[in-house]
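I opened this notebook to record what I looked up in one structure.

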Amino acid sequence: MRQLRIGVLAGLFVVAGVLSWAGARLWDSVGTLPRVPVAAPIVLAVIAVVLAATALSLRARLRAQRERRPGAKGVDPLVAARAVVFGQASALVAALVAGMYGGVGVFLGLDGLDVEPRRDQVIYAGASVVAGIAVIAAAFFLERVCKLPEDDEDGQGGPGTVRG
């Protein structure tokens with residue numbers, strides 16, 4: 001399984017933001033731009049909390065298992081792998097969604113904040129971007145918690161790997 005790359009997530013964010021900004025500009029010239037839902041930052045924040053709670057739970061269980069505490073509940077490797085995949089998928093989607101709302105927020109912000117509904121939409125879009133970044137941070141934390149100690153940073157393999 002490959003690790004998350006910040007460059008890939010930043011690229012997704014930028015591409016989604018530019019496309020969303022252009023789409024919002026086109027849509028606003030043709031008709032009325034759809035509103036940024038109030039639930040967008042709330043849903044992203046809930047996902048970030050779930051990822052962080054999962055990471056903290058797994059970290060505590062892994063620490064208890066490493067320290068061989070009596071009654072320590074171990075972590076099934078498949079559960080850890082599923083948690084990492086969930087975190088990675090959430091980070092990718094959050095980068096796209098945050099970029100999309102970021103592009104809309106930039107369009108609305110440049111268009112003028114003198115109208116109160118537009119100002120509210122910029123606030124919701126900005127909160128969505130912040131919540132998306134929180135999802136990405138929680139996904140990186142979860143990935144770090146579930147990383148095996150013998151994983152090598154440069155992909156050369158762990159101890160006992162035959163090198164040619």
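**Entry 1: a residue to start from.** I looked up Val46 and found it in helix H2. I noted the rule for elements: helices (H or I, at least four residues) and strands (E, at least two) are DSSP runs, numbered from the N terminus. Is Val46 buried or exposed, or partly exposed? Val46 is partly exposed, because its relative accessible area is 48%. The classes are buried under 20% relative accessible area, exposed over 50%, and partly exposed in between (1.4 Å probe, protein chains only).

**Entry 2: what I am looking at.** This is a predicted model, where local features need pLDDT of at least 70, side-chain atom pairs count only at pLDDT 80 or more, and totals for chains, interfaces and linings use all residues. Residues are numbered from 1 along each chain as its sequence is written, and side-chain values use heavy atoms, with hydrogens and water left out.

**Entry 3: the whole chain.** I found four helices and zero strands. Along the sequence the pattern reads α-α-α-α. The chain has 164 residues, and 30% of them count as buried.

**Entry 4: the nonpolar patch.** I went back to Val46 and asked which residues share its surface patch. Val38, Ile42, Val46, Val50 and Phe86 make a nonpolar patch of about 430 Å². Helix H2 (residues 39-66) gives the most to this patch, with three residues. I wrote down the patch rule: residues with over 30% relative accessible area and no salt bridge, like charges joined within 9 Å, nonpolar side chains (Val, Leu, Ile, Met, Phe, Trp, Tyr) within 5 Å. Accessible areas come from the Shrake-Rupley method with a 1.4 Å probe, and for residues only the protein chains shown count as cover.

Entry 5: I checked helix H3 (residues 77-111), where Ser90 has its place. Ser90 is buried, because its relative accessible area is 10%. From Ser90 to Ile47 I count 43 residues in sequence, but 7.8 Å in space, C-alpha to C-alpha. Ala94 also lies in helix H3. Ala94 is buried at 1% relative accessible area. Its C-alpha atom is 7.4 Å from that of Leu44, 50 residues away along the chain. Next I looked at Ile123 in helix H4. Ile123 is exposed, with a relative accessible area of 51%. Ile123 and Val36 are 87 residues apart in sequence and 9.4 Å apart in space, C-alpha to C-alpha.

**Entry 6: the salt bridge.** How many salt bridges does the structure hold? I found one. The pair links distant parts of the chain: Asp28 is in helix H1 (residues 6-30) and Arg118 in helix H4, 90 residues apart. Asp28 and Arg118 have their closest N and O atoms 3.2 Å apart. The cut-off is a side-chain nitrogen of Lys or Arg within 4 Å of a carboxyl oxygen of Asp or Glu. Asp28 counts as partly exposed, at 23% relative accessibility.

**Entry 7: a pocket.** I looked up the second largest pocket, which holds about 180 Å³ of space. Its lining includes Asp28 and Arg118, with Leu33 and Gln121 among the others. Helix H4 (residues 116-145) gives the most to the lining, with three residues. A pocket is an open set of points on a 1 Å grid over the protein atoms alone, where a 1.4 Å probe fits, with protein on both sides within 12 Å along at least five of seven lines; lining residues have an atom within 4 Å of a point. The volume is the space filled by probe spheres set on the points, which are joined across faces, edges and corners.
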